[in-house]
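Visitor: Could you take me through this structure, please? I shall ask as we go.

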There are 2 protein chains.
Amino acid sequence: MKIIDNPDRDLWLELIKRPSKNPFELEILVKEIFEDIHKNGDSAVLKYARKFEKAEPKALKISKDQLEKSHEKVVPELQKAIQLAKSNISKFHEAQSGTINEIETTEGVVCWRESRAIEKVGIYIPGGSAPLFSTILMLGIPAKIAGCDEIVLCTPTDENGEINPVILYTANLVGISSVYGIGGIQAIAALVFGTETIAKVDKIFGPGNQYVTAAKQMAQQYGTAIDMPAGPSEVLVIADQTCVPAFVAADLLSQAEHGEDSQVILLTDNEEVRTLILKELEIQVEALPRKDVTRKALENSKAILLSSISECMQFSNFYAPEHLILAFENSRNLIDIITNAGSVFLGNYSCESAGDYASGTNHTLPTNGYARNYSGVSLDSFVKKITFQELSSTGIENLGPAIELMAEAEQLFAHKNAVSLRLAQIKNNTSSRN
Amino acid sequence: MKIIDNPDRDLWLELIKRPSKNPFELEILVKEIFEDIHKNGDSAVLKYARKFEKAEPKALKISKDQLEKSHEKVVPELQKAIQLAKSNISKFHEAQSGTINEIETTEGVVCWRESRAIEKVGIYIPGGSAPLFSTILMLGIPAKIAGCDEIVLCTPTDENGEINPVILYTANLVGISSVYGIGGIQAIAALVFGTETIAKVDKIFGPGNQYVTAAKQMAQQYGTAIDMPAGPSEVLVIADQTCVPAFVAADLLSQAEHGEDSQVILLTDNEEVRTLILKELEIQVEALPRKDVTRKALENSKAILLSSISECMQFSNFYAPEHLILAFENSRNLIDIITNAGSVFLGNYSCESAGDYASGTNHTLPTNGYARNYSGVSLDSFVKKITFQELSSTGIENLGPAIELMAEAEQLFAHKNAVSLRLAQIKNNTSSRN
């Protein structure tokens with residue numbers, strides 16, 4: 001890790017920088033694949049699967065039977081662990097559904113909001129050596145609680161054209177409607193346009209490599225919403241003398257192992273603590289199967305000494321980390337100071353792995369500084385909130401004259417007339433009754 | 001209006017189509033201006049103002065004095081109307097701030113969410129003949145309630161380099177931090193990168209023409225969030241024999257007057273009612289100052305007869321209108337059927353103008369079918385929701401073994417280790433106490 005001591009404020013802007021990517025780099029490739037799949041459907045999807053994934057799915061759509069039998073290939077202990085995680089994630093996300101709150105803003109004018117599920121959603125799960133089933137929990141569970149009609153999942157197959165049983169088990173457990181064995185740009189394009197086999201969706205969720213990320217950006221141009229812009233995963237840990245150095249080291253490593261471009265930042269007000277953490281880091285990294293990747297990520301990471309925990313909190317807000325760990329006792333006292341973060345882990349026992357898998361919070365979070373302007377995925381991500389209003393005759397009498405004046409000032413006379421006609425009718429009714 | 005009778009379901013997809021735009025049409029122009037302003041700041045902003053707006057602002061930033069004195073040029077009645085609207089919009093949006101709800105998902109594992117304001121937001125208000133001050137209320141008020149630190153407003157000046165006093169009055173009333181006399185692509189680029197004078201923001205809100213829309217799309221590529229994708233404004237009215245035809249006609253016209261590309265749809269189960277509404281439409285349109293634009297919009301609009309109100313509701317959900325007016329008695333009984341809409345107006349006295357100006361609901365709403373996957377602007381649009389979690393030693397003991405199993409199944413051994421170390425320490429502590 002890079003050791004930095006009490007950097008000047010002028011340097012902070014440099015210190016919070018993530019490796020930047022040219023957002024337009026893949027645009028031409030993505031546009032080409034999108035247009036081809038829009039025109040040629042499944043056959044184009046399969047063409048790109050063969051080209052990019054070097055694999056052809058045994059079946060584009062996984063059969064219901066295969067989904068239902070998937071538990072046979074998952075050891076019972078892992079099934080139970082996944083079920084515990086499901087229970088916690090369900091509890092936390094169910095608590096996010098608000099109640100309907102009718103507000104009478106003026107006598108006779110009642111306004112409120114109601115949630116409605118986004119009807120069709122797509123979930124993307126990356127391929128690779130490890131089956132990232134935990135992300136199915138994080139996206140499928142709130143989609144189901146929201147009441148989405150159709151929840152489809154795309155994930156690339158392995159070289160034999162198959163999908164890992166744990167992926168299928170988790171998909172079946174949370175109630176995914178359909179699973180397609182397809183990944184990459186072609187999967188996103190299929191979800192945007194729909195094909196003979198794959199359903200078009202209204203919103204796409206889930207992580208992916210730079211190709212998937214570029215395709216999700218492009219999806220927005222065609223009217224499909226996405227969860228949030230993506231970047232490499234990151235953690236920022238603030239530690240003081242009450243931390244447990246071995247725990248902090250383990251938390252830094254559990255971020256660093258994600259990939260060479262992972263971002264890991266340690267802030268502390270105590271030089272001795274930093275030394276202890278770095279020493280622990282060296283010991284622990286040696287034991288990791290992914291130590292080469294992890295070491296690469298650590299090379300770009302920073303261990304920064306600042307004058308106080310308060311200054312650490314300021315730096316963290318400026319950095320806007322995806323994950324923020326406050327590795328000290330009584331950390332609850334400082335949470336009001338937090339302005340920008342995706343998810344926060346308080347105290348020495350709240351490791352990031354807990355939130356990644358099973359505490360109940362969502363692990364799909366804003367990276368790359370997007371914690372400044374985006375929330376992580378929640379139940380809200382799967383619904384629209386529709387506003388309603390009902391005016392009685394008293395309501396329009398109370399508001400009407402003000403609306404007439406404002407509409408006239410904006411030179412929108414038909415807007416004014418819609419009110420004037422109603423006010424005239426009410427006046428007529430009243431006088432005809434008298 | 002185009003008269004359509006009982007169209008087959010196969011035709012619905014055609015009937016809900018909005019005029020489509022090529023999303024990439026303006027990309028090269030927008031990218032060029034963005035790069036120039038990124039590099040050259042204010043001088044480039046002013047260059048494009050002269051080029052595109054044929055106007056140079058007297059001052060790029062409006063002085064505090066000018067803002068505070070703006071009320072002198074606004075008649076007191078209009079001031080009062082704007083204040084009434086402000087009061088209602090404030091009441092409705094204040095009620096949207098939820099309470100913090102701590103959930104113990106497993107014994108010793110507590111999770112909750114807290115809202116934090118997006119620190120810097122930008123509001124764009126279009127220019128043109130009419131001062132669209134109502135949008136300042138709709139965006140400035142929730143930004144203020146959310147607690148945004150900096151709320152900046154960009155709007156093009158008139159040919160004399162000045163901004164309409166009602167715009168300045170409303171901006172001052174709601175507490176906008178800074179007003180800049182600049183519009184178009186150059187305004188959006190300035191908000192994305194910041195210049196010597198104009199503040200860089202985290203999220204941009206507000207309507208605009210196709211140039212502003214393209215620039216807001218591009219803003220996302222540079223990490224700035226936007227409120228939602230935009231398209232021409234639209235209303236869908238469902239009317240039965242209990243409607244007041246003159247009111248329905250007025251509501252259709254108040255949408256049509258926005259511009260030639262406005263979308264206006266009438267659905268009814270009653271042919272006679274349709275005839276009466278169209279007759280009223282002909283009478284009322286004649287009296288409008290903007291009757292030419294309004295007639296053009298009506299040419300592309302549709303008056304569709306369907307078999308029942310229930311079928312009308314199904315069509316509406318399929319269309320996903322920005323504004324939905326249920327112009328009949330007892331319309332509340334049907335709102336559970338609504339799945340896609342921006343804002344809904346119930347009964348004969350709830351005209352769209354009420355929501356446009358003063359009922360309290362927000363008028364920045366999803367158009368172009370985006371009501372399928374986006375909500376309108378609300379207090380939520382100005383905050384991030386950060387998740388928090390705190391695990392006690394009991395909490396990690398309860399969850400730890402499940403996390404270890406799942407991390408191992410995802411081949412993330414450092415994730416597992418972060419838990420194992422904590423479990424080992426707790427076990428040691430317990431045994432050393434015994």
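Visitor: Which residues does A:H93 touch, not counting residues up to four places away in sequence?

Guide: A:H93 touches A:P142, A:I145, A:G360, A:T361, A:N362, A:V377, A:S378 and A:L379. Contact means heavy atoms within 4.5 Å. This is a predicted model, in which local features need pLDDT of at least 70 and side-chain atom pairs count only at pLDDT 80 or more, whereas totals for chains, interfaces and linings use all residues; side-chain values use heavy atoms, with hydrogens and water left out. Residues are numbered from 1 along each chain as its sequence is written, and chains are lettered from A and ligands numbered from 1 in the order in which they are written.

Visitor: Is A:H93 buried or exposed?

Guide: A:H93 is buried, at a relative accessible area of 0%. Buried means under 20% relative accessible area, exposed over 50%, and partly exposed in between (1.4 Å probe, protein chains only).

Visitor: In which helix does A:H93 lie, and what does its side chain reach?

Guide: A:H93 is part of helix α4 (residues 76-94) of chain A. Helices (H or I, at least four residues) and strands (E, at least two) are DSSP runs, numbered from the N terminus. The side chain of A:H93 reaches the backbone oxygen of A:I89 at 2.8 Å. A polar contact is a pair of N or O atoms within 3.5 Å; within protein, one must be able to donate a hydrogen and the other to accept it, and residues adjacent in sequence count only if both atoms are side-chain atoms.

Visitor: Turning to A:S350, where does it lie?

Guide: A:S350 sits in the loop between β13 (343-346) and α13 (352-357) of chain A. A:S350 is buried as well, with a relative accessible area of 0%, and its side chain reaches the backbone oxygen of A:L346 at 2.7 Å.

Visitor: With which residues is A:S350 in contact, leaving aside neighbours within four places in sequence?

Guide: In chain A they are A:I325 and A:F345, and in chain B they are B:Q389, B:E390 and B:L391.

Visitor: Through which surface do the copies meet?

Guide: They meet through the same surface, because 100% of the interface residues of chain A are also interface residues in chain B.

Visitor: And helix α6 of chain B: how many of its residues are buried?

Guide: In α6 (residues 165-174) of chain B, 7 of its 10 residues are buried, among them B:V166, B:L168 and B:V174. The cover over these buried residues includes α3 (64-69), α4 (76-94), α5, β5 and β6 of chain B.

Visitor: What caps the N-terminal end of α6(B)?

Guide: B:N164 does: a side-chain oxygen lies 2.9 Å from the backbone nitrogen of B:V166. Just after α6(B), B:G175 takes a positive phi of about 90 degrees.

Visitor: Lastly, what is the order of the open sheet of 5 strands in chain B?

Guide: The order is β6-β5-β4-β7-β8, with parallel pairing. Two strands pair if DSSP finds at least two bridges between them. The edge strands are β6 (178-180) and β8 (225-226) of chain B, each pairing on one side only.
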